[in-house]
Amino acid sequence: QQQQQQQQQQQQQQQQQQELQQGTEEHQRIPPPAPHQAVPPHEPHPRPPPQESTAPVLSGWLHKETKSLFATAQRRWCEVKGGAFEYSHQQNDAHPKERISLAPPTEISLDHGRTGSVLVIATSARKFRF
């Protein structure tokens, strides 16, 4: 009986070893997973230099306040284009009367009053009110 048990144990061990070998062979057929690779940090694409656009982003008539003592307003054609605020006397003028860069340190704000809102463009040299 002991011999039979020993033979059965040996057969079981042999069978287990064969199963392990078969499993190992099958495992070897499956390609190993790719090693983990760190994702490189995101590098922003360099922005192309701004191009001067001839088409206005915004345009229309505004009333520009004057420096006069009586604070009259003059109607001006205004356009925002190419990073600047331009105004002229007429809509079809070939050249603007004034071109104000909107880049810093220029500040743009709205003043709200009883009669409406006023667009304020303040440069280092002057303050414009529309």
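**Salt bridges in the predicted model**

Arg129 is partly exposed, with a relative accessible area of 27%. In this predicted model, the side chain of Arg129 meets that of Glu65 in a salt bridge, with an N to O distance of 2.8 Å. The two residues belong to distant parts of the chain, 64 residues apart: Glu65 lies in strand E1 (residues 58-65) and Arg129 in strand E7 (residues 127-129). Glu65 is likewise partly exposed, at 32% relative accessibility.

Five salt bridges are present in the structure. Side chains of opposite charge can pair when their charged atoms come close. A network of salt bridges links Glu79, Lys81, Glu86 and Arg99. Within this group, Glu86 is paired with Arg99, the closest N and O atoms being 2.9 Å apart. This pair also connects distant parts of the chain, with Arg99 in strand E4 (residues 98-101) and Glu86 in strand E3 (residues 84-88), 13 residues apart. Glu86 forms a salt bridge with Lys81 as well, and here the closest N and O atoms are 3.9 Å apart.

The accessibility of these residues was also computed. Glu86 has a relative accessible area of 10% and is buried. Lys81, at 19%, also counts as buried, since the cut-off for this class is under 20%. Arg99, in contrast, is partly exposed, at 40% relative accessibility.

Key: Residues numbered from 1 in each chain as written. Predicted model: local features only at pLDDT ≥ 70, side-chain atom pairs only at ≥ 80, totals over all residues. Heavy atoms only, no water. Salt bridge = Lys/Arg side-chain N within 4 Å of Asp/Glu carboxyl O. Helix = DSSP H or I, 4+ residues; strand = E, 2+ residues; numbered from the N terminus. Buried < 20%, exposed > 50% of the residue type's maximum accessible area, 1.4 Å probe, protein only.
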